[in-house]
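Hello,

Here is the structure for you to look over. My notes follow below it.

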Amino acid sequence: MAHAVADHTVTDADLPFGVDIDLVTGAMAAPDRVLVRRASDMKGYYKDAAALDRLIAAGDPVHYEVFEKVIPETYGHLLFCISKLYPGRVGDECFMTKGHYHTVSGTAETYLCIAGTGYMMCKLSDGSCRAEPMRRNRMVYVPPHWGHRSINTGFDPLISFCVYPAEAGHNYGDIAVEGFPKRVFIRGGREVIE
Ligand code: S6P
Ligand code: ZN
């Protein structure tokens, strides 16, 4: 069904809808899309490339999953998802997401952490860097222009409910080239950020 409202055409995608999300487990009922990233998708991201190769050879475990509903990626809409980053180490570096800037750089994002512990590592293109702690029931705000990646320092999945402007897009290329100024390691049972 399509009908005209004001100056644009509204399709079924504009109709209100509801989604059941279990805020304890992070399970989203009937997601339209599930993005799965394994260790083998993370080549070039960790400091210890040989340790990543060993992990891939040992079974190529899932690193993280993102559960989404399909929403038009146009101005005015909001995208939301559940991001689930598994616990683990590559050498002594904590499992993390690739990280990205938004393609429309002036768009922000909120992450409501519902389980696990870790950091939202944020960076500007001038090299500024902030590691914002993530833990259950803490919301992290990523302002416009800040690149961001989740890092799991614990032993359980780090799960967040994310919301951001639908037109934001993902710029992985610049982050892949620049990297982040800081990484998170566990050494001798302690977190090291360097
Ligand atoms: C999207 C939002 C998250 C991440 C997800 C995976 O803007 O920040 O849904 O996409 O946590 O991380 P990454 O770095 O691989 O996109
Ligand atoms: Zn984002």
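The shell around ligand 1 holds six nonpolar, seven polar and two charged residues (Ala, Val, Leu, Ile, Met, Phe, Trp, Tyr, Cys and Pro count as nonpolar, Asp, Glu, Lys and Arg as charged, and the others, Gly among them, as polar). This is a predicted model: local features need pLDDT of at least 70, side-chain atom pairs count only at pLDDT 80 or more, and totals for chains, interfaces and linings use all residues. Residues are numbered from 1 along each chain as written, chains are lettered from A and ligands numbered from 1 in written order, and side-chain values use heavy atoms, without hydrogens or water.

Of the 15 residues around ligand 1, Tyr64, Gly99, Glu109, Tyr111 and Tyr172 come nearest (near: a heavy atom within 4 Å).

Polar contacts (pairs of N or O atoms within 3.5 Å) come next. A polar side-chain atom of Tyr111 is 2.3 Å from an oxygen atom of ligand 1. For Glu109, the distance from a polar side-chain atom to a ligand 1 oxygen is 2.8 Å. Ser83 also has a side-chain N or O atom 2.8 Å from an oxygen of ligand 1.

On its own, ligand 1 has 390 Å² of accessible area, and the protein covers 98% of that (Shrake-Rupley method, 1.4 Å probe).

Elements giving two or more residues to the shell are β4 (62-68), β5 (78-85) and β8 (109-115) (strands: DSSP E runs of at least two residues, numbered from the N terminus).

Along its principal axes, the C-alpha trace of the protein spans about 60 × 35 × 30 Å.

Best wishes

How values were computed: Polar contact = N/O pair within 3.5 Å; in protein donor to acceptor, adjacent residues only side chain to side chain. Helix = DSSP H or I, 4+ residues; strand = E, 2+ residues; numbered from the N terminus.
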